[in-house]
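Visitor: I have a model open and would like to walk through its packing with you. Could you guide me?
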Amino acid sequence: MKYMHNKILVCAALVSLPCGLFAQASADTVAVSGDSAYMVNTAFRKVAQDDLLTGISVVNIDEMLNSNYTTYSLTNMVSLANGWNGTSMWGMDDYLVLIDGMPREANNVMPSEIAQISFLKGANAVALYGSRAAKGVLLITTKRGNLNEKLKIDGRFNAGFHVAKKLPEYMGAAEYMRYYNLASKNDNGGVDKPVFSDELIANYESGVNPYHYPDIDFYSSKYIKKVYNFDDAVLEFSGGSKNARYYVNINAYTFGDYLKVGETKHDRTNRLSVRGNVDMNLNKYISAYIDANATFYDINSRKGNYWSDASTIRPNIKPNLKTNTALLIPVDLVSDPDAMAMIGTTANIYDGKFLAAANKTDVNNVFAQIYAGGKTKWTSRQFQFDAGMRFDLGKLLEGLAFKASLGMDFQTNYTQEFNPEYAVFIPTWDSKTETITKLTKEGDDRNNGQQSISNSTDNRTLAGNAAFEYNRKFGGHNISAMVLGNVFQQFRSGSYHAIANANLGFDLSYNFAQRYYAQFSAATPYSAKLAEGHRAAFSPTGTIGWRLSNESFMESVSFIDNLLVSASVGILHEDADITSYYMYDGVWDKNGWGFTWNDGSNATSIGPSRGENAKLEMIKRKELTASIKASMFDKFVNLEFTYFTNKMSGYIIDNKSDWPNHMTEFLPYLNNDEIKHTGFDFAVNLNKKINDFDVMFGVVGTYYNTERTVYEESKIEDYQHQEGRPVDAIWGLECLGMFQSQDEIDNSPEHTYDKVRLGDLKYKDQNGDGKITDLDNVYLGKWGEFGSPLTLGLNLVVKYKNFTFHALGTTRSGAYGAKNSSYYWLNKDSKYSAIARDTWTPENTNAKYPALTTTSGSNNNRISDFWLYKNNSFKLDKIQISYEVPSDVFGDLFIKGLTAYVSGADLLTISKEREHMEMSVGSEPQSRFFNIGVKANF
């Protein structure tokens with residue numbers, strides 16, 4: 001009884017050690033194994049969770065949604081799956097996403113449709129999928145109906161809203177002009193040469209006429225809302241008998257955005273999806289399944305890019321013009337009769353204001369586009385079909401079966417634009433009366449019914465596989481074998497060649513009494529990117545495992561319930577990193593040199609541009625992993641730890657770094673570069689019942705490091721060699737502070753990027769050549785391109801009677817970010833952000849940021865350690881509180897269960913750089929999300 005109770009708690013935890021039972025497509029293989037209730041989907045088969053060896057993590061999404069409802073398939077997975085950091089598995093890019101075994105996109109399946117997500121990380125776990133799976137597989141399995149289940153209906157509705165976290169702060173018009181004058185003073189050696197007069201600044205500051213002297217705050221409540229809504233609904237039907245089972249999911253969501261300018265208040269995104277999965281037992285020996293999914297996706301928006309303009313357009317619109325104007329002006333400020341008559345020719349009057357511009361080049365400004373420039377509608381239609389059959393061949397050989405499946409996907413996307421013409425008026429202002437005495441009209445209102453179709457894409461995927469499988473149990477001997485063929489092609493608009501994967505595969509698995517394990521998996525991937533004779537490869541992997549807890553010498557160690565150690569080695573081959581076809585061929589083309597014959601005809605020479613190398617090979621992944629899984633103290637503690645090291649070798653280079661230019665034309669592509677990945681992942685879960693409280697706390701983590709162990713590069717300064725450095729290395733200048741005096745400038749190395757002034761950044765001359773150039777760039781740290789080097793996920797579930805509390809969080813550390821957006825890198829064309837208030841001046845020599853300038857600022861605005869920050873952080877990703885109404889309340893009513901819940905997502909960030917990390921520049925603000933939902937069972 002104690003064991004079962006703790007098992008339920010682990011199920012509630014939903015970490016990488018989930019529990020629960022659900023039906024799968026009948027074409028799946030169930031490997032012969034122990035009596036574990038929970039089956040995990042792996043490559044072309046299901047394995048009992050107790051028998052999983054190294055390199056696989058799994059999350060039970062169906063159970064997770066009971067206490068943590070989400071609307072994106074991978075939300076919160078960092079807190080639940082060891083080895084996954086939100087960007088990659090084990091620091092390797094370009095993982096393969098499979099939905100029900102077919103290559104698809106993770107964003108095209110909703111969590112309510114998903115039963116389970118398996119993270120296949122190790123070479124042994126992905127070998128059977130061939131070349132495209134060599135850097136990991138994210139295997140998503142959708143729900144199915146259950147045997148002998150009456151019709152079950154589940155409904156769910158959610159209403160939520162997004163609240164902006166941190167908005168960028170920019171200077172107002174008058175303050176901007178004062179600081180721009182300061183920048184001019186900096187550039188002129190401390191001599192005042194104001195660009196803007198005090199009188200002009202006073203006009204902006206006083207607000208004497210905000211239309212003649214505009215001061216636009218794009219982030220004010222006048223233009224954006226504090227919140228916007230997100231609503232979604234799900235309806236599920238499932239049931240089945242002995243011979244047929246079905247599952248149907250209908251889900252939809254809709255949401256707006258923060259904008260409320262003009263017609264942007266009608267901007268909206270809508271999505272509707274319908275999925276149906278059917279399993280059938282056609283007779284005693286043949287079973288089949290048919291799945292279908294249709295997704296309808298529309299985004300309606302106005303023309304223009306508001307968020308980009310908000311980060312670049314200065315508050316006084318056109319600060320360098322002698323005459324300026326707002327972009328929307330009240331009609332009653334027009335004093336001239338002829339001008340009034342001209343206003344009467346346009347229908348584009350909004351709240352008593354007409355569209356204006358400062359000059360002819362500005363007629364398509366942000367507000368004109370939003371109010372009168374028409375609208376766009378992005379449309380996506382996706383249809384997916386799967387079918388499979390399984391034939392029991394036990395009459396021929398006990399345990400033998402054959403299965404095959406086929407998938408077809410069709411996706412069409414396009415953008416539809418409606419492009420009416422509109423009039424914009426350029427005003428002439430009378431500074432004495434602050435009225436408009438003249439208007440110049442640019443364009444005419446013309447609703448010509450014109451519309452255009454652009455960005456049209458037509459994508460198709462065809463996939464299929466077939467396999468003979470064998471599963472037998474002889475006493476304590478469990479044997480599973482498989483021989484298969486696997487292929488898929490993805491056709492993308494604009495690409496001549498399809499993305500293709502083809503391979504044969506073989507798997508042989510054995511365990512004795514769940515004590516000793518051995519597995520051999522291999523594939524023969526095929527690549528048309530290579531020359532004939534080199535297109536096929538052999539990818540073998542081997543895994544062994546030993547459950548020490550089943551040995552007699554462990555009987556006296558009473559606190560250990562389960563202890564399984566395993567190790568795996570393998571070599572995979574992949575062509576995803578071979579960027580083009582025919583790279584093995586030599587190429588001759590016109591080289592631009594020629595001459596003219598006496599008769600006037602021209603002759604152009606042809607020469608080599610690349611040599612031939614028919615021996616180009618696939619890139620190899622050579623890997624060793626070791627893993628330990630344990631549970632202790634009657635399942636109170638469950639843990640898993642995996643160490644991995646692999647080398648991706650044979651990346652293709654052009655081999656031109658160390659050759660003189662006149663010889664590079666003959667050089668072929670070569671397999672050369674190598675990248676090493678090392679690290680570990682782990683999961684620890686604690687389960688405890690304390691009086692009426694069921695408590696589960698889990699921690700999952702991933703650490704990885706990358707290193708260029710072989711790298712072809714030019715002969716440069718020793719400290720600039722990338723070999724031996726991380727793949728995502730940051731290269732930049734070492735900053736020594738800011739120049740405080742002219743003597744310091746005169747006695748420092750020449751800074752070649754720009755003429756330096758007081759308050760500019762000072763850099764270290766690494767090679768001692770007396771000048772600062774790119775040769776002084778040094779290694780500064782890691783970008784975290786494949787996810788932060790160390791990622792920890794935390795999850796806590798507390799259940800008290802009918803209440804459930806679920807919290808998830810993540811910590812990230814070990815990487816750097818750069819403050820290199822237009823918010824920080826200020827120059828002559830910049831919109832000044834709040835940081836300009838703490839820039840260097842003779843009176844503020846301890847400023848946080850370098851001096852302002854009216855030049856390009858190219859000396860300061862480049863990657864150096866001055867702009868770097870550690871992105872270490874803790875984020876409280878989710879809290880949900882649920883209440884399940886007792887079932888006896890409903891009696892004989894048609895409703896069988898009801899759960900209500902409230903939740904918040906992206907609630908808290910703890911970091912020294914929190915404000916920066918929560919602020920978006922040039923794009924929609926980041927948001928916190930609050931939701932209330934209800935789920936009913938019928």
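Guide: Gladly! One term before we start: buried means under 20% relative accessible area. Keep in mind as well that this is a predicted model.

Visitor: Which residues of α4 are buried?
Guide: Helix α4 covers residues 173-187, and the cut-off for buried is under 20% relative accessible area. The buried residues of α4 pack against α5. They are A173, A174, Y176, M177, Y180, N181, A183, S184, N186 and D187.

Visitor: How far does α4 reach from its first C-alpha to its last?
Guide: Helix α4 has 15 residues, and at 1.5 Å a residue the expected reach is 21 Å. The model comes close to that expectation, with a span of 21 Å.

Visitor: Let's turn to the rings. Is the pair of F44 and Y129 stacked, edge-to-face or tilted?
Guide: The structure holds 49 aromatic pairs. In this one the ring centres are 4.8 Å apart and the planes meet at 35°. Planes under 30 degrees apart would count as stacked and over 60 as edge-to-face, so with 35° the pair of F44 and Y129 is tilted.

Visitor: How many residues apart in sequence are the parts that this pair of F44 and Y129 ties together?
Guide: F44 lies in the loop between β1 and β2, while Y129 lies in the loop between α3 and β7. F44 is buried at 12% relative accessibility, and Y129 is buried at 5%. The parts tied together are 85 residues apart.

Visitor: In which helix does F367, the partner of Y223, lie?
Guide: Y223 and F367 form a tilted aromatic pair, 5.4 Å centre to centre with 40° between the planes. Both residues are buried. Y223 sits in the loop between α5 and β9, 144 residues from F367, which lies in helix α8.

Visitor: Over the ring of which residue does the charged end of K375 sit?
Guide: A charge over a ring has to be within 6 Å of the ring centre. The charged end of K375 is 5.5 Å from the centre, and the ring belongs to F418.

Visitor: Why is one side of β13 and of β14 left without a neighbour in the sheet?
Guide: The open sheet runs in the order β13-β15-β14 with antiparallel pairing. β14 pairs with β15 over 2 bridges, and I349 has F354 as its bridge partner in β15. β13 and β14 stand at the edges, so each has a single partner strand.

Key: Residues are numbered from 1 along each chain as its sequence is written. This is a predicted model: local features need pLDDT of at least 70, side-chain atom pairs count only at pLDDT 80 or more; totals for chains, interfaces and linings use all residues. Side-chain values use heavy atoms; hydrogens and water are left out. Rings of Phe, Tyr and Trp (its six-membered ring) pair if their centres lie within 6.5 Å; planes under 30 degrees apart count as stacked, over 60 as edge-to-face and the rest as tilted. Helices (H or I, at least four residues) and strands (E, at least two) are DSSP runs, numbered from the N terminus. Buried means under 20% relative accessible area, exposed over 50%, partly exposed in between (1.4 Å probe, protein chains only). A charge sits over a ring if NZ of Lys or CZ of Arg is within 6 Å of the ring centre and within 35 degrees of the ring normal. The expected span of a helix is 1.5 Å times one less than its number of residues. Contact means heavy atoms within 4.5 Å. Two strands pair if DSSP finds at least two bridges between them.
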